Amino acid sequence: PIGDYPSDKFIGELFLLSPLDELDQISYDIRLGPTSTNRTDDASEFYLNVYTNLPEAPVDNFYDCRFDFVPTEVAADDWTTFTVMADTAPTVVQSRDGAGCEATLADMPPGSTVRVIALNLGDTTTGDTGLDGYFDNVVVTQDDNATTYDFETKDGCKKGGFEAYGYRNQGACVRALTSSAGGR
(Lines give C-alpha, C1' and ligand atoms only; values in the text may rest on other atoms or scores of the structure.)
Protein backbone atom coordinates (compact mmCIF):
# COMPACT_ATOMS: atom_id res chain seq x y z
CA PRO A 1 0.00 0.00 0.00
CA ILE A 2 1.03 3.58 -0.62
CA GLY A 3 2.06 5.22 2.65
CA ASP A 4 1.47 8.67 4.06
CA TYR A 5 3.63 10.39 1.42
CA PRO A 6 1.91 10.91 -1.94
CA SER A 7 5.27 10.79 -3.72
CA ASP A 8 5.41 7.07 -2.85
CA LYS A 9 3.24 6.24 -5.87
CA PHE A 10 4.36 3.40 -8.16
CA ILE A 11 5.58 4.06 -11.70
CA GLY A 12 6.82 1.25 -13.93
CA GLU A 13 8.38 2.35 -17.23
CA LEU A 14 9.24 0.48 -20.41
CA PHE A 15 11.40 2.38 -22.88
CA LEU A 16 10.17 1.20 -26.29
CA LEU A 17 12.05 3.75 -28.43
CA SER A 18 10.27 2.41 -31.50
CA PRO A 19 8.10 3.63 -34.38
CA LEU A 20 4.57 4.44 -33.27
CA ASP A 21 3.04 2.79 -36.34
CA GLU A 22 4.38 -0.57 -35.07
CA LEU A 23 2.34 -0.32 -31.84
CA ASP A 24 -0.84 -2.42 -32.07
CA GLN A 25 -1.97 -2.55 -28.44
CA ILE A 26 -1.01 -2.52 -24.78
CA SER A 27 -2.91 -4.48 -22.16
CA TYR A 28 -2.38 -5.15 -18.50
CA ASP A 29 -4.12 -6.86 -15.62
CA ILE A 30 -4.98 -4.92 -12.47
CA ARG A 31 -6.30 -6.02 -9.13
CA LEU A 32 -7.19 -4.08 -6.02
CA GLY A 33 -5.20 -4.91 -2.92
CA PRO A 34 -6.77 -5.64 0.47
CA THR A 35 -6.82 -2.02 1.67
CA SER A 36 -8.42 -0.79 -1.56
CA THR A 37 -11.24 -3.30 -1.96
CA ASN A 38 -14.52 -1.75 -3.06
CA ARG A 39 -13.23 1.82 -3.24
CA THR A 40 -15.11 3.05 -6.29
CA ASP A 41 -12.50 5.60 -7.34
CA ASP A 42 -9.51 3.24 -7.30
CA ALA A 43 -9.78 2.08 -10.93
CA SER A 44 -8.64 5.50 -12.10
CA GLU A 45 -5.43 5.10 -10.10
CA PHE A 46 -4.15 2.21 -12.32
CA TYR A 47 -3.49 4.31 -15.40
CA LEU A 48 -1.20 4.15 -18.44
CA ASN A 49 0.86 6.94 -20.01
CA VAL A 50 2.22 6.65 -23.54
CA TYR A 51 4.93 9.22 -24.29
CA THR A 52 5.42 9.93 -28.01
CA ASN A 53 7.59 12.10 -30.18
CA LEU A 54 6.82 13.72 -33.51
CA PRO A 55 8.87 12.69 -36.58
CA GLU A 56 11.31 15.59 -36.36
CA ALA A 57 12.19 14.91 -32.70
CA PRO A 58 14.90 12.48 -31.56
CA VAL A 59 13.39 9.18 -30.38
CA ASP A 60 14.92 9.74 -26.91
CA ASN A 61 13.44 13.24 -26.56
CA PHE A 62 11.50 13.48 -23.25
CA TYR A 63 8.20 13.68 -25.19
CA ASP A 64 6.16 15.84 -27.52
CA CYS A 65 2.76 14.28 -26.77
CA ARG A 66 1.59 12.29 -23.77
CA PHE A 67 -1.50 10.10 -24.00
CA ASP A 68 -3.12 9.06 -20.71
CA PHE A 69 -5.43 6.05 -20.57
CA VAL A 70 -7.48 5.57 -17.42
CA PRO A 71 -9.53 2.45 -16.60
CA THR A 72 -13.10 3.11 -15.52
CA GLU A 73 -13.57 -0.02 -13.42
CA VAL A 74 -11.67 -2.76 -11.65
CA ALA A 75 -13.17 -5.84 -10.02
CA ALA A 76 -12.93 -5.88 -6.24
CA ASP A 77 -11.98 -9.54 -5.90
CA ASP A 78 -10.51 -10.53 -9.26
CA TRP A 79 -8.15 -9.44 -12.00
CA THR A 80 -9.40 -6.94 -14.58
CA THR A 81 -7.70 -6.58 -17.98
CA PHE A 82 -7.39 -3.07 -19.39
CA THR A 83 -6.57 -2.84 -23.10
CA VAL A 84 -5.50 0.16 -25.16
CA MET A 85 -5.42 0.00 -28.96
CA ALA A 86 -3.70 2.57 -31.17
CA ASP A 87 -7.10 4.06 -32.00
CA THR A 88 -8.44 4.06 -28.41
CA ALA A 89 -9.46 7.55 -27.34
CA PRO A 90 -7.25 8.60 -24.43
CA THR A 91 -8.63 10.20 -21.30
CA VAL A 92 -6.11 13.06 -21.64
CA VAL A 93 -3.72 14.22 -24.36
CA GLN A 94 -1.02 16.58 -23.19
CA SER A 95 1.19 18.58 -25.53
CA ARG A 96 4.65 19.56 -24.40
CA ASP A 97 5.98 22.87 -25.68
CA GLY A 98 3.07 23.36 -28.10
CA ALA A 99 3.64 20.16 -30.07
CA GLY A 100 0.86 19.28 -32.50
CA CYS A 101 -0.75 16.32 -30.75
CA GLU A 102 -3.53 14.37 -32.38
CA ALA A 103 -6.63 12.87 -30.76
CA THR A 104 -5.34 9.26 -30.72
CA LEU A 105 -2.05 7.43 -31.12
CA ALA A 106 -3.20 6.15 -34.52
CA ASP A 107 -3.73 9.74 -35.72
CA MET A 108 -0.14 10.82 -35.03
CA PRO A 109 1.86 11.68 -38.17
CA PRO A 110 3.86 8.96 -39.93
CA GLY A 111 7.36 8.71 -38.49
CA SER A 112 6.24 9.45 -34.91
CA THR A 113 7.83 7.30 -32.20
CA VAL A 114 6.95 5.87 -28.81
CA ARG A 115 9.57 6.80 -26.26
CA VAL A 116 8.13 5.10 -23.20
CA ILE A 117 5.02 3.53 -21.74
CA ALA A 118 4.45 3.96 -18.02
CA LEU A 119 2.11 2.14 -15.64
CA ASN A 120 1.08 4.20 -12.65
CA LEU A 121 -0.52 3.37 -9.32
CA GLY A 122 -1.52 6.57 -7.57
CA ASP A 123 -1.62 10.19 -8.64
CA THR A 124 0.59 11.79 -5.93
CA THR A 125 -2.29 13.24 -3.94
CA THR A 126 -3.09 12.61 -0.28
CA GLY A 127 -5.94 10.40 -1.51
CA ASP A 128 -3.31 7.80 -2.40
CA THR A 129 -2.72 6.90 1.24
CA GLY A 130 -3.63 3.24 1.65
CA LEU A 131 -4.12 2.71 -2.08
CA ASP A 132 -3.14 -0.87 -2.74
CA GLY A 133 -3.06 -2.98 -5.87
CA TYR A 134 -1.25 -5.15 -8.35
CA PHE A 135 -0.20 -5.08 -12.00
CA ASP A 136 0.45 -8.27 -13.97
CA ASN A 137 0.60 -9.64 -17.49
CA VAL A 138 1.57 -6.46 -19.27
CA VAL A 139 1.37 -7.29 -22.98
CA VAL A 140 2.86 -4.97 -25.58
CA THR A 141 1.98 -5.93 -29.14
CA GLN A 142 4.02 -4.40 -31.95
CA ASP A 143 3.61 -5.46 -35.56
CA ASP A 144 1.57 -8.45 -34.34
CA ASN A 145 4.43 -9.66 -32.08
CA ALA A 146 3.40 -9.75 -28.43
CA THR A 147 5.80 -9.44 -25.51
CA THR A 148 4.39 -10.34 -22.09
CA TYR A 149 5.80 -9.08 -18.81
CA ASP A 150 4.58 -11.43 -16.06
CA PHE A 151 5.37 -10.31 -12.51
CA GLU A 152 4.28 -13.36 -10.56
CA THR A 153 7.00 -15.31 -8.75
CA LYS A 154 6.76 -18.46 -6.67
CA ASP A 155 8.14 -16.54 -3.67
CA GLY A 156 5.17 -14.21 -4.01
CA CYS A 157 2.88 -17.17 -3.23
CA LYS A 158 3.99 -17.09 0.42
CA LYS A 159 2.24 -15.34 3.31
CA GLY A 160 -1.14 -15.24 1.58
CA GLY A 161 0.27 -13.91 -1.69
CA PHE A 162 -1.35 -16.82 -3.53
CA GLU A 163 -4.71 -15.12 -2.92
CA ALA A 164 -3.55 -11.89 -4.55
CA TYR A 165 -2.35 -13.92 -7.55
CA GLY A 166 -5.78 -15.56 -7.73
CA TYR A 167 -4.85 -19.12 -6.66
CA ARG A 168 -6.86 -21.26 -4.24
CA ASN A 169 -3.83 -22.11 -2.04
CA GLN A 170 -0.06 -21.70 -1.80
CA GLY A 171 0.66 -25.14 -3.30
CA ALA A 172 -1.42 -24.48 -6.42
CA CYS A 173 0.30 -21.13 -6.82
CA VAL A 174 3.83 -22.56 -6.56
CA ARG A 175 3.02 -25.47 -8.90
CA ALA A 176 1.55 -23.15 -11.53
CA LEU A 177 4.44 -20.71 -11.40
CA THR A 178 7.14 -23.39 -11.60
CA SER A 179 5.47 -25.18 -14.52
CA SER A 180 5.51 -23.93 -18.07
CA ALA A 181 1.70 -23.88 -18.10
CA GLY A 182 1.22 -21.12 -15.50
CA GLY A 183 -2.38 -20.02 -15.27
CA ARG A 184 -4.63 -19.28 -12.34
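This is a predicted model: local features need pLDDT of at least 70, side-chain atom pairs count only at pLDDT 80 or more; totals for chains, interfaces and linings use all residues.

**Surface and overall build**

I started with the accessible surface of the protein, which comes to about 9500 Å², with 48% of it belonging to carbon and sulfur atoms. Accessible areas here are Shrake-Rupley values with a 1.4 Å probe, and for residues only the protein chains shown count as cover.

Residues are numbered from 1 along each chain as its sequence is written, and side-chain values use heavy atoms, with hydrogens and water left out.

Next I checked how much is tucked away: 45% of the 184 residues count as buried. Buried means under 20% relative accessible area, exposed means over 50%, and partly exposed is in between (1.4 Å probe, protein chains only).

For secondary structure I find 2 helices and 9 strands. These are DSSP runs numbered from the N terminus, with helices being H or I of at least four residues and strands E of at least two. Along the sequence the pattern reads β-β-β-β-β-β-β-β-β-α-α.

Then size. The C-alpha atoms fill a box of roughly 55 × 40 × 25 Å along the principal axes.

Of the contacts with a separation of 6 or more, 67% are between residues 24 or more positions apart.

**Salt bridges**

How many salt bridges does the rule give? I get 2. The rule asks for a side-chain nitrogen of Lys or Arg within 4 Å of a carboxyl oxygen of Asp or Glu. The general idea is that side chains of opposite charge can pair when their charged atoms come close.

One of them joins the side chains of Arg66 and Asp68, at 2.8 Å from N to O. Are these two buried or exposed? Both Arg66 and Asp68 are buried. Arg66 gets that label because its relative accessibility is 18%. The side chains of Arg66 and Asp68 also make a polar contact at 2.8 Å. For that term I need a pair of N or O atoms within 3.5 Å; within protein, one must be able to donate a hydrogen and the other to accept it, and residues adjacent in sequence count only if both atoms are side-chain atoms.

Arg66 is found in strand S4. Leaving aside neighbours within four places in sequence, Arg66 touches Asn49, Val50, Tyr51, Val92, Val93 and Gln94.

Asp97 also forms a salt bridge, with Arg96, and here the closest N and O atoms are 3.9 Å apart. Asp97 counts as exposed because its relative accessibility is 72%, and Arg96 counts as partly exposed at 29%.

Ser95 lies in strand S6, residues 92-95. With a relative accessible area of 32%, Ser95 is partly exposed. Which residues does Ser95 contact, leaving aside neighbours within four places in sequence? I find Asp64 and Cys101. Ser95 and Asp64 are 31 residues apart along the chain, yet their C-alpha atoms are separated by 6.0 Å.

Thr141 lies in strand S8, residues 133-142. Its relative accessible area is 12%, so Thr141 is buried. Beyond neighbours within four places, its contacts are Glu22, Leu23, Asp24, Gln25 and Ala146.

**The S8-S9 loop**

Asp143 sits in the loop between S8 and strand S9 (145-149), and Asp144 is placed in the loop between S8 and S9 as well. Neither is a glycine, but phi is positive: about 45° for Asp143 and about 65° for Asp144. Asp143 is partly exposed at 45%, whereas Asp144 counts as exposed at 67%.

Val59 is in the loop between strand S3 (48-53) and strand S4 (65-69), and at 31% relative accessible area Val59 is partly exposed.

Conventions
Contact means heavy atoms within 4.5 Å.
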